[in-house]
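Hi everyone, thanks for coming. Let's look at one structure together and go through it piece by piece.

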Amino acid sequence: MGERTARQGESRTATAAATAAAARPPVMADVARLAGVSHQTVSRVINGAPSIRQETRQRVLEAIERLGYRPNIAARALVRGRSGMIGIIGTARTLFGPTSIHRSVEDAARAAGYFATSVSLSEVTLHALIDATEHLMRVGVEGVVMIASNDEALDVVRMTRTSVPFVVVEGDLSRANVTVGVDQVLGARMATEHLLQLGHREIVQVSGPLNWAEARARIEGWRRTMTEAGLRPPEPVQGDWSAHSGYVAGLRICEMRGTTAVFAANDQMAIGVLRALHERGRRVPQDISLAGFDDVPEAAYLVPPLTTVQQDFAAVGRRAITAITQAINGTEPQALPLVVPKLVVRQSTTRRPRIET
């Protein structure tokens with residue numbers, strides 16, 4: 001009889017907690033009442049304290065789920081005396097790679113329980129970066145992630161001193177104290193090796209602007225792979241990441257005798273090359289194979305679908321937030337390995353055509 005009465009009492013308590021929470025956004029006290037634990041126990045579960053029994057933890061998590069409770073990050077930050085905010089400084093937001101990295105850093109910050117506040121620079125100068133950093137300092141960020149797109153951005157980062165941890169993403173990984181990024185050299189090697197395996201020997205690269213570390217790394221990977229195969233790589237045809245520059249490069253390539261494959265340093269330039277080859281009556285891949293880099297969403301829907309190198313931007317974002325949170329918490333950030341890219345083979349590459357002599 002007493003046990004049944006106790007169960008009925010627990011049921012009434014749970015119903016009351018759920019009814020109270022339904023009239024307003026649920027708070028931690030509602031979770032505590034529904035789970036039958038103290039306010040402090042709920043707090044310890046939310047903050048991942050290891051001392052909580054598994055049965056108790058499960059009860060609290062079920063109550064959180066039932067009520068739809070969401071911890072107030074701002075209030076928790078106030079109690080801890082920390083803002084719970086990470087600043088992101090972005091550059092070259094019109095390009096697929098930097099934009100994707102920016103979004104992945106924001107997503108990873110939220111997943112780690114931080115607010116993300118961003119500043120986008122239209123031009124990378126020391127004055128602009130100082131202004132952006134000071135703005136982020138004023139709003140109380142605990143750390144800054146800088147998406148450095150080119151040498152100028154990296155040089156500015158090196159000259160800037162901040163009172164909070166600073167992590168650089170997507171730059172030359174040898175030129176800043178804490179950096180994360182994708183193995184660009186390996187990605188270029190993957191694309192070049194794929195073309196070599198198809199029998200191609202005259203492989204032209206359309207490069208990005210040479211003041212970008214990624215452009216130089218992709219040249220290095222292509223050139224090194226060609227040299228190791230006993231071939232003499234031609235001079236790259238330089239572009240500026242845009243489809244228009246790829247189109248101009250493609251027209252030049254059409255005048256080069258013997259070329260049977262093109263490796264464009266990003267997909268936008270590959271799209272421009274594809275248009276130029278089509279206008280000049282050069283079929284892809286029957287006459288010239290074409291590979292890109294980035295795996296933009298449109299790459300799979302081109303005619304023909306584009307072989308390209310895929311970068312795991314989500315992994316870059318997670319590693320950036322791992323590094324910045326380690327530094328925020330007073331731990332020396334560990335040297336993180338470069339993210340390994342993936343070659344996506346589609347119909348724009350095929351075996352080298354037989355060339356009449």
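Here's a question to start us off: in what order do the strands of the open four-stranded sheet lie? The order is E7-E6-E8-E9, and the pairing is parallel. Strand E7, residues 237–238, and strand E9, residues 289–291, are the edge strands; each has a single partner strand, so one side of each has no neighbour in the sheet. Now, what you're seeing is a predicted model, so please keep that in mind as we go.

Let's zoom in on one pair. Strand E6, residues 203–207, runs parallel to E7, and two bridges join them. Valine 206 has valine 237 in E7 as its bridge partner. A helix packs on this sheet too: H9, residues 184–197, which touches E6, strand E8 (261–264) and E9. The direction of H9 makes about 170° with that of E8.

Now for the other sheet I'd like to show you. This open sheet has five strands, in the order E2-E1-E3-E4-E5, with parallel pairing. Which strands stand at its edges? They are E2 (115–121) and E5 (179–180), and each has a single partner strand, so one side of each is left without a neighbour in the sheet. Further in, strand E3 (residues 143–147) and strand E4 (residues 166–169) run parallel, joined by four bridges. Look for valine 145, which stands opposite valine 167 in E4. Helix H13, residues 313–328, packs on this sheet and touches strand E1 (85–91), E3, E4 and E5. Its direction makes about 165° with that of E4.

Next, a pair of helices. As a reminder, two packed helices are described by the angle between their axes and the distance between the axes. For helix H11 (residues 243–254) and helix H12 (residues 267–279), the axes come within 6 Å and cross at roughly 45°. That angle makes H11 oblique to H12, and the crossing is right-handed. On the H11 side, the residues in contact include Tyr247 and Leu251, and on the H12 side they include Met269 and Val273. What kinds of residues make up this contact? There are eight nonpolar, five polar and two charged.

Last, how confident is the predictor? The chain has a mean pLDDT of 85, and 85% of its residues reach 70 or more. Over residues 5–9, though, pLDDT stays under 50, and the model has zero contacts there beyond four places in sequence. Where pLDDT is low, the predicted coordinates should not be read in detail.

Methods: Residues numbered from 1 in each chain as written. Predicted model: local features only at pLDDT ≥ 70, side-chain atom pairs only at ≥ 80, totals over all residues. Heavy atoms only, no water. Pairing = 2+ DSSP bridges. Contact = heavy atoms within 4.5 Å. Axes fitted to C-alpha atoms, helices over the stretch in contact; angles between N-to-C directions. pLDDT = per-residue confidence, 0-100. Parallel < 35°, antiparallel > 145°, perpendicular 65-115°, else oblique. Left-handed = near helix turned anticlockwise from the far one by under 90°. Nonpolar A, V, L, I, M, F, W, Y, C, P; charged D, E, K, R; others polar.
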